[in-house]
Amino acid sequence: MKVALIGYSASGRSTLYRAASRGLAKGDVTAVPVPDTRFDTIVTQVKPKKQTPATVILHDDLEPISGSGKAFSLKLIDSAKKADLLLHVVRGFDSPVVSYHDTVDALRDQEGVDVELVLSDLQIVENRLERLKRSTTIKTSGSPDYMENDLFTRIKDPLESGVPIRAMELTEDDQTIVRNYQFLSSKPMVVAFNVNEDEAANPSAGLRARIDELAKRDTPAFPVCATIEEEIAQLDPVDQPEFLQSLGLTEAASYRVIRAVYSALGLITFFTAGDNDTRAWPLRKGSNALKAAGTIHNDIAKGFIRAEIVHYDDYLAHGSLDAAYSAGKMSLEGKEYTIQDGDLLHIRNKS
């Protein structure tokens, strides 16, 4: 899934991209491991020859926004439409050497981008409603034009009030129509407020209020200091805890951002713990055991018999898969079992 970083010029977008990639970035697209202490624990216990964490794909190739109050370019809109999630990096830091388009105002800039996303969608909705007036099937209940007209009429007023589509209550049928139009404000979004070092651990009251407000609109938001995050990423893992403690942080803020991105994409993690390869597998929340088997390999799904399931909490309590099995913590499930975040799987299949 494509996660596109978006933001004004000089917001520190690329700095956060490099920090989140933990030095793995070789260009403007990279697979970033999802921090997960559960996976680390399993790897430590199993000691596999190979370990493969879950990842998200970060793209730092969108055109930067040129200035506050300016409409997005068509190139930027087209690129953003191809993303599955937008990671908005907002400048909240002062710098005597990094120029900016205006005075530094993180709340203004965050809201400005949200407004432009909503306005882009509103224009599409208004144009489509005008064209639908000429439709011969607009009054035929259940027809595509009837359903579009009903949906667009309902979302027009909220859009005019600045409410993004992702914050609206929509049915599955509504969501299908929305996906067809690739509305920008319907895409999941995570906001990283790139602040000064002293505000990363102790954000201002105004910033905390905005973060809480965004959470109510299904938009996770975090304060980060991208330059510090990049320093952390360059440190030896053994030295990171002491450095973080000196900053008043318990973990790298970029870790929280990446986990939020992963969750906002609607993903959970299941694990396979093999001696040759232990893996953390991303899976759409609500998926069943057959889908999980297909994620591992199509042939495993075709020969599916049963799924052996041990939940991570039981694994942790007993210290190993063998011990969890011996304690009766393994359950045998069929194809329709809904995978839970943290399940350890072994698929019995016809080989």
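Good morning, colleagues. The model is predicted, so local features need pLDDT of at least 70 and side-chain atom pairs count only at pLDDT 80 or more, while totals for chains, interfaces and linings use all residues. Residues are numbered from 1 along each chain as its sequence is written, and side-chain values use heavy atoms, with hydrogens and water left out.

I begin with the chain overall. The C-alpha trace spans about 65 × 60 × 35 Å along its principal axes. Of the 351 residues, 46% count as buried. Here buried means under 20% relative accessible area, exposed means over 50%, and partly exposed lies in between, with a 1.4 Å probe and protein chains only. The accessible surface comes to about 17600 Å², and carbon and sulfur atoms account for 48% of that area; the areas come from the Shrake-Rupley method with a 1.4 Å probe, and for residues only the protein chains shown count as cover. Among contacts with a separation of 6 or more, 68% are between residues 24 or more positions apart, where contact means heavy atoms within 4.5 Å.

I turn now to the sheet. Six strands form an open sheet in the order β2-β4-β1-β5-β6-β7, with mixed pairing. Because β2 (29-33) and β7 (221-224) each have a single partner strand, they stand at the edges, and one side of each is left without a neighbour in the sheet. From one strand to the next, the twist averages 30 degrees. Two strands count as paired if DSSP finds at least two bridges between them. As a reminder, strands of a sheet pair through backbone hydrogen bonds, either parallel or antiparallel. Strand β1 (residues 2-6) and strand β5 (residues 85-92) run parallel and are joined by 4 bridges; in β5, L86 is the bridge partner of A4.

Which helix lies across these strands? Helix α11 (residues 253-264) lies across β1, β2, β4 (55-59), β5, β6 (189-195) and β7, and runs at about 160 degrees to β7. Axes are lines fitted to C-alpha atoms, for helices over the stretch in contact, and angles run from 0 to 180 degrees between N-to-C directions.

Next, the interior. A nonpolar core is a set of buried Ala, Val, Leu, Ile, Met, Phe, Trp, Tyr and Cys residues joined through side-chain atoms within 4.5 Å. The largest such core has 37 residues, and V56, L58, L87 and V190 touch the most other members. Helix α11 gives the most to this core, with 6 residues. A second, separate core of 33 residues includes L117, M189, F193 and A200.

L87 is found in strand β5 and is buried, at a relative accessible area of 2%. Beyond four places in sequence, L87 touches V3, A4, L5, I6, V190, A192 and V257. L87 and I6 are 81 residues apart in sequence, yet their C-alpha atoms are 6.0 Å apart in space. V190, with the same exclusion of residues up to four places away, has partners including L85, P220, F222, V257 and A264.

Finally, the charged pairs. A salt bridge is a side-chain nitrogen of Lys or Arg within 4 Å of a carboxyl oxygen of Asp or Glu, and the count comes to 17. D109 pairs with R108, the closest N and O atoms being 2.9 Å apart; D109 is buried at 0% relative accessibility, whereas R108 is partly exposed at 22%. R128 pairs with D145 at 3.4 Å. That pair links distant parts of the chain, with R128 in helix α4 and D145 in helix α5 (residues 144-160), 17 residues apart. R128 is buried at 17%, and D145 is buried at 18%. E130 and K133 form a bridge at 2.9 Å, with E130 partly exposed at 44% and K133 exposed at 61%.

Thank you for your attention.

Definitions and conventions:
Helices (H or I, at least four residues) and strands (E, at least two) are DSSP runs, numbered from the N terminus.
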